[in-house]
Each structure stands twice: as structure tokens, then as C-alpha cells.
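Subject: Structure handover

Hello,

Here is the structure you asked about. Please open it alongside this note; the findings follow below.

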Amino acid sequence: MKKKQNIFHYCKIQNNSVLLNDKIIVSEDKSILFSEFSKMLYHQIKLNYPKFFKMDDLSKLALITSEYLLTDYFKKTKKPNDISIILSNKSSSLKTDKQFQKTIDNKDSYFPSPSLFVYTLPNISIGEICIKHKFMGENIFFISENFNSKLINEYASSIIKNKKNSIVLCGWVDFNEENFKAFMYIASNNYIYNITTNKIDKLFK
Amino acid sequence: MKELKLEVKSKIIEELNLGHLNVQDIHDNDPLFKEGLGLDSIDALELIVMLDKDYGIKLNDPTEAKKVFESIESLCSYINMNRLR
């Protein structure tokens, strides 16, 4: 019987550094703004996806984190036709909401920005990942004060057990002002019954 | 007209978040949509807002908009003829 692969695949981006499966692969000066940092990561991973520049910061963060993780994961495993995505955060799309609000604050200069408006929902970040990879699996975005690994794991287990998809991209992607944090991991049959939420919570911190 | 073209190109890069491009990358007769700059329907709305906000031009006719947004050349000619500020 083939031995199951039990490596927990995750990616965390915060404080201008990228951690991939326990290894720091990027570490930049914390004073660099996200606009510069994200551009640097875009070039580092050779994304070659001009639509990236049109996204809001939340979607950029989600897309880049997913790129690191999916590229690494599918180096060793055959990429399925489809995957599901479960993400969560605390600030919803607040940063973009505020930017959009500025375009409609002044009655004498009332020019609502269409390109900002389309990003005034956090689940658009999931949509951007799905568009890039042509994923059409189940997806959901939770808003909660703290990262709820139990809820996310139960949801992912349900998707896998019910054979809706064999792979679920899970995690947290949050952006407020200039503070950001992304943590994503792969839930699959290989891991779901072997990893505890305690371990996930420790990695999240 | 040359100055206006530079101004409009800069605005397009900034307003439409085309951070991967420079002014020199946008040629006067390149199509703005599809195979040219690759703009989409949201960008078209953003261009309509830009015309109103920066030049006082209200573009309401979709047929007219299609011609105006063909290229930088057609867009700047239209601005030149219709601008209120």
C-alpha cells in the first residue's frame, strides 16, 4: 500500500516576509509598503498576469499567497481539474471600502469609481484565484474576529468526505490600512484526518 | 495635442492601475480594448468617469463611446473638441 503523504503544505505572508512550509523564502524591510512588496513578489514568482495590477490589495495578497502554495503543492502532486476554496478574515474588504467611500464623499465631486466598487466584497479575492486557475468548485468567505480553524476544517472535511472536491484551499487573508496577513494551507485526504486544529493555530500565529 | 496625449496616457496608467506599463508602452493608434491595451468593461466605465471628472465631458451614447475609445488618438481628438475644462 502506498504510504500517504503527510506533509502539511502552507504559506504565510506577513511583516513583508513569505514563509512556505516552515521555510522563510522572502524577507524584506518592514518599512516597504505593500504596493512595492507585492510588485516585488509578482516579479519573483514570474506571475506574468497583468490583471494582477488592477486588483485591490486584498485580492493581490490572496492571489500571491495562493500562487506560492499551489505552485509548490502541485510540483509533487497531479493538479486536479478543480478545487474548492474556503477563506476568512476580520476586516472584510474595509480598505477598499474606504477608498471607494472617498470617491463618493464629496457631493460636488461625486465620481464613484467602478474599478474600486467591484472589489468592495472580500469574496472577490476568491474569485480572482478561481478566474486565474479556472476553478469552479465550492467556495465561501467567512468574516470573523479571529481565525477559526475548527470551522474551516469541518467545512473542508465535509467537502472532501462528500467527494465534491479532493483538494480544498483554506485559510485567512486580511488587510486593514497597511497591516496585512495571509495564511493558506491545502486540505486534502492525505492530511485532513492527521492534522490537529491546534497545530494549524500554532502555524497561523 | 502632444501634451494632451501624454497627460491622458499617464491618467490611464494611474486610474486603470496599469502599473506594469509606462507611457512609452502606449502607442497613439493602438486599440485600447481587446488585443491592444487589453482594457475591459470596467475600464470603459472608469474612462467615462475620467472624462467627466477631469474634462467635464459627459459621454452618454454607447455608439459614440465605441468610436471615442478606439485609441489614444481618437480619445484625445474627442477631448480636444469637447472639453469644458
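Two residues are in contact if their C-beta atoms, placed from the backbone, lie within 7 Å. On that basis, 60% of the contacts in chain B with a separation of 6 or more are between residues 24 or more positions apart. For chain A the figure is 66%.

Some ground rules. This is a predicted model, in which local features need pLDDT of at least 70, side-chain atom pairs count only at pLDDT 80 or more, and totals for chains, interfaces and linings use all residues. Residues are numbered from 1 along each chain as its sequence is written, while chains are lettered from A and ligands numbered from 1 in the order in which they are written.

Chain A

Chain A has eight helices and seven strands. These are DSSP runs, numbered from the N terminus (helices: H or I, at least four residues; strands: E, at least two). Buried residues make up 37% of its 205 residues. Buried means that 20 or more other C-beta atoms, placed from the backbone, lie within 10 Å of the residue's own.

The seven strands form an open, mixed sheet in the order E3-E2-E1-E7-E6-E4-E5. Strands pair if DSSP finds at least two bridges between them. E3 (23-27) and E5 (139-143) of chain A are at the edges, each with a single partner strand, so one side of each has no neighbour in the sheet. The twist averages 15° from one strand to the next. E1 (residues 10-14) and E2 (residues 17-20) of chain A run antiparallel, joined by four bridges. Within that pair, Cys11(A) stands opposite Leu20(A).

Now the helix pair. H6 (residues 149-161) and H8 (residues 197-204) of chain A pack at about 125°, with axes 10 Å apart. Axes are lines fitted to C-alpha atoms, for helices over the stretch in contact; angles run from 0 to 180 degrees between N-to-C directions. H6(A) gives Ser149(A), Lys150(A) and Asn153(A) to the contact, and H8(A) gives Thr197(A), Ile200(A) and Asp201(A).

Chain B

Chain B has four helices and zero strands. Buried residues make up 24% of its 85 residues. Along the principal axes, its C-alpha atoms fill a box of roughly 30 × 25 × 20 Å. Its radius of gyration is 12 Å, which agrees with the value near 12 Å for a compact globule of 85 residues. That radius is taken over C-alpha atoms, and the globule rule is 2.2 Å times the number of residues to the power 0.38.

Best wishes

Methods: A residue is buried if 20 or more other C-beta atoms lie within 10 Å of its own, exposed if 12 or fewer, and partly exposed in between; C-beta atoms are placed from the backbone.
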